[in-house]
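Keep the picture open as you read, and try to find each element as it comes up.

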Amino acid sequence: MQSPRHPHVTAIRRQELQALLASLDRLPGQRGRVVEVVGSPGSGKSRLLAELAAEAQRRDVPVLRARGSEYGLESAYPVILAALQSEVVTERLDRLPVDVAAPLRHALFADAPARRGGEGAADTGHSPAPTTPHWLRLLLKHITHEGLLIVLDDMHWADAESLALLDQLIHFPVEVPLLVVVADRPRQAPPRLRGSIAHGLVQGTVERVELSPLTPEQSAQILGVEPTTPWLRELHRESEGNPLYMLAAMHSGVPESGEASSGAVAGRGAVDGFQNQYAAALLVELSHLTVEEARVLQAAAVFGDRCDLDGIAAVAELPVREVCSAIGRLVQRDLLRTVDAGATYVFRHRVLRHLVYAESDSCWRLRAHRNALALLADRRAPAAEQARHIEMSFDAENGPGNVVTLMKAASDVLRTSPEQAVHWLRHALRVIARVPEAQNLRPDVLAGLAQALFLQGKTAESRDLLHNALSLRSGEMSEGHVQLVRQRTMIDFFLGNHAEAWALLTSELAALPAPRSEAGILYILRGIISVVSSGQWPTAEELRTTLGLAQGGGGTAEYGALALYGLYEVIAGDANTAPRMVDECASRCDQLPDDALKAGLEALPLLAWAEIFLGRFADAQRHVMRAVTLAYRYGQIYILPLMVDALCHICPFVGPMAGAESVIDEAYRIADRTGSNEIRGLTLTLQALHASWDGAHSTAKHLAEQAITELQPGSLWRVSAALALARATAADDPRRTRALILDVGRGAGLPGLPTVIRPTWYRMLASAALAASDGDAAVWAQRATAAAHKSDLPFHQAEALAAEGDAARSAQDPTTASTLYRQAAHRFAEAELTRSRSLALLAAAECEAGSGCTESAAELLVLVVELARRSGADDLCRTAEERLLSLTTAEEPADGGSESALSALTNREREIADLAGTGMRTREIAKALCLSPRTVDAHLAHIYRKLDLGSRAELVRLLAEFRHEPPSKARL
């Protein structure tokens, strides 16, 4: 196949061209050699051969050229003879003595039977040519003096005689300076050619130059664009790095993503703009097809990216036997390829499929798509497979059914490809406009389209569509209308438009003449927004009404109401009612299949909150991660703030949980796409808590301070961020910790914080007072004890005991303090809070050591090390090991060397530093340690600050000094 000339095609194949030129350089003085140039159609083989021939001519090396063709298979005219029958050869024969030239001329120009010495040989007055290619070897000996280049293109189409002659040149190289360069397609090369080449590669008489797919950088060069061009990588992926397909797609308007897989795109995009010089080069190959082969290939293009024998036969309206025969020939031509053990067929390349589709008759395509749709419907194929044909068949007979299929197709791809979902749903609206019977589906289609647009980050258009959908269902309180209100409310909530969300709910509920069970979910949402935006809880009476309405309507609203009421009872401190309600809600939610929770997914994060405040952290983790999974599956990312905030409450007690890093990464992407400050701020808060857990307090402070600036003043989210900052400052700035807690808590009584979490923060205030030596530890301990008495939860009692330990320690009573810390550790163990238990035991060990009880202190520290390792608390483990070392050995003065500097790092930081020191990049480190790149960067920043380094290169040098090896051994 001759590719159109493009100024960059050979420039990007510099390495391959250099390999060919190197063979040309070795031509003088060497015996005959063969070089095979192998590559897929359109990879640039012909262009490379042309450049090689041009360079040979510049060097005055004679060049003979010929090309195999499909017609050559049916002809007795050999390709090699076409190359030899040139003016160069004729002139050189004329210089030879007549008795030498005559038999050579006869062998060269006689017809095929004469060359073979068979029946019908021409009577030329000479004996028939011998059956062996001795004449060819003799000819080459006489015409090749200072060198000769023979270029044979498209040898996969070569005739049997040419293949036999080539085989002889490979097996028995001529002793003259001859270079034969052949180009072929590996999938179409006949067995004789493949066998000869394989033998030559083993024997060393053949060299191979393989044209691999282009790299993205080479693709940029051939297209004349910057490597960072946004659409480049998608076009490179679609073209599979093939230059011709890439140029054809770029100049034809074949889409690079999103809708590229749809039949619509394969049609309109290709039909409107595929006629360019690059597509024309591909069309040449199709011109040799029979009518039957062309129809079968077009049917395959209509059917889809993957097709089967029965499907092609149904679309083409041809007998299966004829289709099977045609497919065999198309596979032989490498237009179709077999996959799935031969049961399925695909085109050699998607661009080729688009071209075949574009070349088919438009009226025939309409009928073909209807045939495909009927077959796929009978097979109950996935909705996405049917949707392509619905769009292109313009079939109005089953309008409502087609709309439902398009909605299902959009739902199936909503998470992975919202752009494709938008495409299907917009077409569903076009169907509705033509089919009156489908008008009742318009609100549902608008709701789905709004959801898909929201996932794309088109929040304004999404909200407008929901407004239109609501107007179509005004005056009713059906389940569909309630879900529209829910969707619009939660989108406003996600974007931080709490006032608008509240106003919409209030308006909808006020329009009801009386409370109705169908509206139960709306009362739940109003309660959530009230709590989050202002910290104001519904009254117990309102919650009982909500629960009664939800129970009357059934469905997931009942579980949401139960979770909200249970959460209220937990915060109110009802030790009897709260656990019972939470248990009932958890039991029911756990028994529900995923689809049943789809319409009221808010129930799971509400349930997780209640479990957190009851100290049931394992159950809370399970429910919040289920909510994350379902939110992504059903495209309901607008409830993500509820889930991330729940993770923020879990992390300080149990540390970063499995899957939290992926939630952080996805939340950042969603925040960037939608512009939501709420989700960005909450994600920064969660990341700050992760950093605090790892001992990266400076990083944690920076992240928490950023989070506060993103979140709305007075909201529950901002309180979470401020408390995360308080945790981050506790290690080195206790006075700031105290100020932050009292600020968000609105005074010493902490009225701004829920009663259920006050013991924890009073304990934090006691610890801050101890660290600051301000004498107030006893005051906060008393408050912690009083708050804990209102609860029967083990971890609340543990917090109060630990606060009393801080007070005793502040009063210089280490013995009492140690006893209290041990008691606190026991209660933390009951609550399964390993890190909190470790911290209490560490404080007890320090008190024991201060009292001179080194043996008991050492026993406690050994236990702390084990517990810290078990909970993944690297900084705590390191601290305990250092305390243990100071008890058993005399502390040596620091020598200022690299080892003492590295001792300042936590285990996690040391692990990351060691990997960075080997030259690994951030993403490589993240993959090796199952962390996100953002987390690795945060750790590296903390490492640089601790070690007073300015770059990764300085870190590499420091680690090299520690290992006593030169820095040059690592990649800087």
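## Ground rules

Two strands pair if DSSP finds at least two bridges between them. Helices (H or I, at least four residues) and strands (E, at least two) are DSSP runs, numbered from the N terminus.

This is a predicted model, in which local features need pLDDT of at least 70, side-chain atom pairs count only at pLDDT 80 or more, and totals for chains, interfaces and linings use all residues. Residues are numbered from 1 along each chain as its sequence is written, and side-chain values use heavy atoms, with hydrogens and water left out.

## A three-stranded sheet

Let's begin with an open sheet of three strands, where the order is β6-β8-β7 and the pairing is antiparallel. Both β6 (306-307) and β7 (336-339) are edge strands with a single partner strand each, so one side of each has no neighbour in the sheet.

Two bridges link β6 to strand β8 (residues 344-347) in the antiparallel sense. Look for Cys 307: its bridge partner in β8 is Tyr 345.

Angles here run from 0 to 180 degrees between N-to-C directions, and axes are lines fitted to C-alpha atoms, for helices over the stretch in contact.

Strand β1 (residues 33-38) runs parallel to β5, joined to β5 by five bridges. Val 35 has Glu 207 as its bridge partner in β5. Contact means heavy atoms within 4.5 Å.

## Two helices side by side

How do the axes of α44 and α45 cross? Helix α44 (residues 834-850) and helix α45 (residues 854-871) have axes that come within 9 Å and cross at roughly 160°. The two are therefore roughly antiparallel to each other (angles over 145 degrees count as roughly antiparallel, under 35 as roughly parallel, 65 to 115 as roughly perpendicular and the rest as oblique).

Residues that meet here include Leu 841 and Leu 842 in α44, and Leu 860 and Leu 861 in α45.
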